[in-house]
Protein chains: 2
Amino acid sequence: MRVVSLPEILAALDEEAALAAVASGFRRFSAGQVQVAAVGHLAFADAPGDCHIKSAHLVGDDVFVVKLATSFYRNPERGLSSSNGFMAVISAATGEILALLHDQGQLTDRRTAMAGAIAARAIARPDSATLGVVGAGIQARLQARLIARILGLSSILIWARTSDRAAALAADLGGEAVGLPQLCARADLIVTTTPSTAPLLTAEMVRPGHRIVAVGADSPGKQELETAILGRARVVVDSRAQCLDHGEAGWAVRAGLVDPASLIELGALLESPIAFDADEIVVADLTGVAVQDAEIAKVVWRGLQRAPSPRD
Amino acid sequence: MRVVSLPEILAALDEEAALAAVASGFRRFSAGQVQVAAVGHLAFADAPGDCHIKSAHLVGDDVFVVKLATSFYRNPERGLSSSNGFMAVISAATGEILALLHDQGQLTDRRTAMAGAIAARAIARPDSATLGVVGAGIQARLQARLIARILGLSSILIWARTSDRAAALAADLGGEAVGLPQLCARADLIVTTTPSTAPLLTAEMVRPGHRIVAVGADSPGKQELETAILGRARVVVDSRAQCLDHGEAGWAVRAGLVDPASLIELGALLESPIAFDADEIVVADLTGVAVQDAEIAKVVWRGLQRAPSPRD
């Protein structure tokens with residue numbers, strides 16, 4: 001078992017290759033070519049924090065990947081990162097642990113941002129100019145950078161519950177901290193990145209043509225969008241099963257506002273792109289699928305195999 | 001993150017403390033004091049092999065444990081152990097990975113054997129003299145040694161599909177390799193340890209007063225006991241939910257031979273022991289519960305904290 005430190009991981013990670021691999025992974029997932037284990041989830045009310053365990057094997061691959069990622073929301077108050085964890089790359093022929101990528105949650109953060117960017121590219125209006133970012137944490141920063149770069153958006157608006165953090169992130173990104181209604185009024189594309197358990201965006205904030213990528217609702221109880229928004233929108237989901245269980249789509253389906261048969265899986269959308277009407281509202285509900293972990297870990301693992309091991 | 005090698009793990013493992021901890025864990029599990037995540041399972045038909053991921057947090061503990069264990073059944077043909085994996089000890093306050101116990105499956109093997117011994121002690125007739133072991137793999141060896149020691153059984157009978165392996169294990173254990181009907185006729189207590197997907201023990205082999213500990217059926221499709229055996233038995237399960245899903249109990253319940261309400265959870269049995277009638281058949285169906293992993297990993301972790309780290 002090779003234990004790989006974060007600097008080694010980041011040096012071995014080819015971002016463009018990973019973006020392509022994650023997109024390919026979504027297509028293969030929606031085509032039924034990925035074995036995904038039940039997601040393990042533990043919740044720690046006191047801390048508060050979450051632990052997610054996700055595992056996937058792409059049919060034919062010689063390795064599979066098990067990912068553990070924790071998010072403890074008060075860690076920053078102690079000067080610690082909220083994210084921790086690792087990805088294990090395991091032989092699908094012998095079960096041996098080939099590599100333990102001790103990414104401390106950073107590969108999960110990056111593959112989540114990549115999924116957001118891939119979804120944003122698939123649903124954005126071609127004339128999009130302004131990105132609105134809801135939240136000011138790690139995902140807000142990564143999604144803002146990646147989406148703005150990939151879609152060539154030059155204007156970034158930030159809203160967060162804590163206005164100091166919004167202002168700090170806006171300064172870092174060359175964006176502007178604004179109120180949430182103003183953000184919605186001005187943005188073409190909105191990405192929501194908070195661990196909120198109550199809707200932040202209301203239906204009255206959303207206008208025709210809005211495209212929304214929601215990445216916060218990754219476990220039961222979390223919700224960032226009022227269900228009425230999804231009732232008026234085309235809804236794209238990363239995983240039909242997961243989003244019905246604990247995504248934004250689940251809330252809207254349980255409220256009787258969305259027909260589950262109408263949900264479009266992201267991998268299917270990537271395989272057969274849809275030219276949405278300019279005034280359609282489109283929501284991409286991303287809960288995080290193990291195939292993303294498998295794809296980004298494989299990109300790192302291939303990168304490490306090309307580079308000599310520091311122990312060799 | 002401290003990566004702990006197998007020799008360090010075994011040096012830090014106090015077997016008596018672990019036996020007590022695993023038994024305590026079962027009691028707390030059945031009392032609803034353990035948060036257990038959904039079990040992740042991946043199956044590799046070609047290899048063939050399995051990967052199980054189990055996670056648990058005992059209420060109030062400052063750590064939780066995520067365990068990954070693989071079993072690849074043809075590894076011994078390549079001179080490799082069939083078992084691999086690790087247990088991660090993680091802070092329940094910050095999500096940091098405190099220790100990665102690279103046990104290569106050995107802690108899983110041992111906690112499984114401990115559960116077998118704990119169940120055997122809870123269901124065995126006081127006059128038991130002869131142990132029958134079905135299978136000749138790692139579990140057969142560990143269960144035989146531990147059960148024989150704890151219950152003071154001096155006579156061990158072994159049956160396995162491959163008679164050479166049965167003979168080799170019998171020689172190691174000072175036991176006797178016999179046919180399966182003969183094993184059943186002579187043993188008081190039988191432990192079944194194979195990855196069989198079809199019943200090995202038939203109802204006609206089982207007689208009144210037999211006590212059977214079945215540890216092989218740990219994932220969907222596996223079965224070692226004909227369902228009619230359970231139809232005639234008191235059935236103890238390590239986890240009601242898991243055993244209904246993929247244990248021996250599940251087969252018997254689906255066949256309409258066992259009322260799920262009659263299942264006795266092991267932790268409840270340990271809390272309130274039952275004096276079974278001498279001629280009752282009792283089956284303990286063990287699928288493996290994450291609390292066992294949490295308890296054995298915590299015993300190792302406490303042992304490591306008493307010993308200085310080799311890196312200090």
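Reply: In chain A, the centres of domain 1 and domain 2, taken over C-alpha atoms, are separated by 23 Å. This is a predicted model, in which local features need pLDDT of at least 70 and side-chain atom pairs count only at pLDDT 80 or more, while totals for chains, interfaces and linings use all residues. Residues are numbered from 1 along each chain as its sequence is written, chains are lettered from A and ligands numbered from 1 in the order in which they are written, and side-chain values use heavy atoms, with hydrogens and water left out.

Let's begin with the two partners. Domain 1 of chain A is made of residues 2–108 + 291–306, and domain 2 covers 119–289; such bounds come from an automatic or database domain assignment. Where they meet, 20 residues of domain 1 of chain A are in contact with 21 residues of domain 2 of chain A, contact meaning heavy atoms within 4.5 Å. The two domains of chain A bury about 1,600 Å² between them, and carbon and sulfur atoms give 55% of that area. Buried area here is the accessible area (1.4 Å probe) that two parts lose on being put together, summed over both.

Four salt bridges are counted between domain 1 and domain 2 of chain A, each being a side-chain nitrogen of Lys or Arg within 4 Å of a carboxyl oxygen of Asp or Glu.

Which elements build the side of domain 1 of chain A that touches domain 2 of chain A? Those giving two or more residues are α2 (15–30), β4 (49–58) and α11 (290–306) of chain A. Of these, α2(A) gives the most, with eight residues. Helices (H or I, at least four residues) and strands (E, at least two) are DSSP runs, numbered from the N terminus.

A:Ala21 is buried, with a relative accessible area of 9%; buried means under 20% relative accessible area, exposed over 50%, partly exposed in between (1.4 Å probe, protein chains only). Not counting residues up to four places away in sequence, A:Ala21 touches A:Glu295 and A:Val299. A:Ala21 and A:Glu295 are 274 residues apart in sequence, yet 5.6 Å apart in space, C-alpha to C-alpha.

The contact between the chains takes 40 residues from chain A and 40 residues from chain B. Chain A and chain B bury about 2,900 Å² between them, with carbon and sulfur atoms giving 72%. Across this interface of chain A and chain B the rule finds zero salt bridges, but six residue pairs in polar contact (both at pLDDT 80 or more). On the side of chain A that touches chain B, at least two residues each come from β2 (34–36), β3 (40–44), β4, β5 (63–72), β6 (83–91) and β7 (97–101) of chain A. Here β6(A) gives the most, with six residues.

How values were computed:
A polar contact is a pair of N or O atoms within 3.5 Å; within protein, one must be able to donate a hydrogen and the other to accept it, and residues adjacent in sequence count only if both atoms are side-chain atoms.
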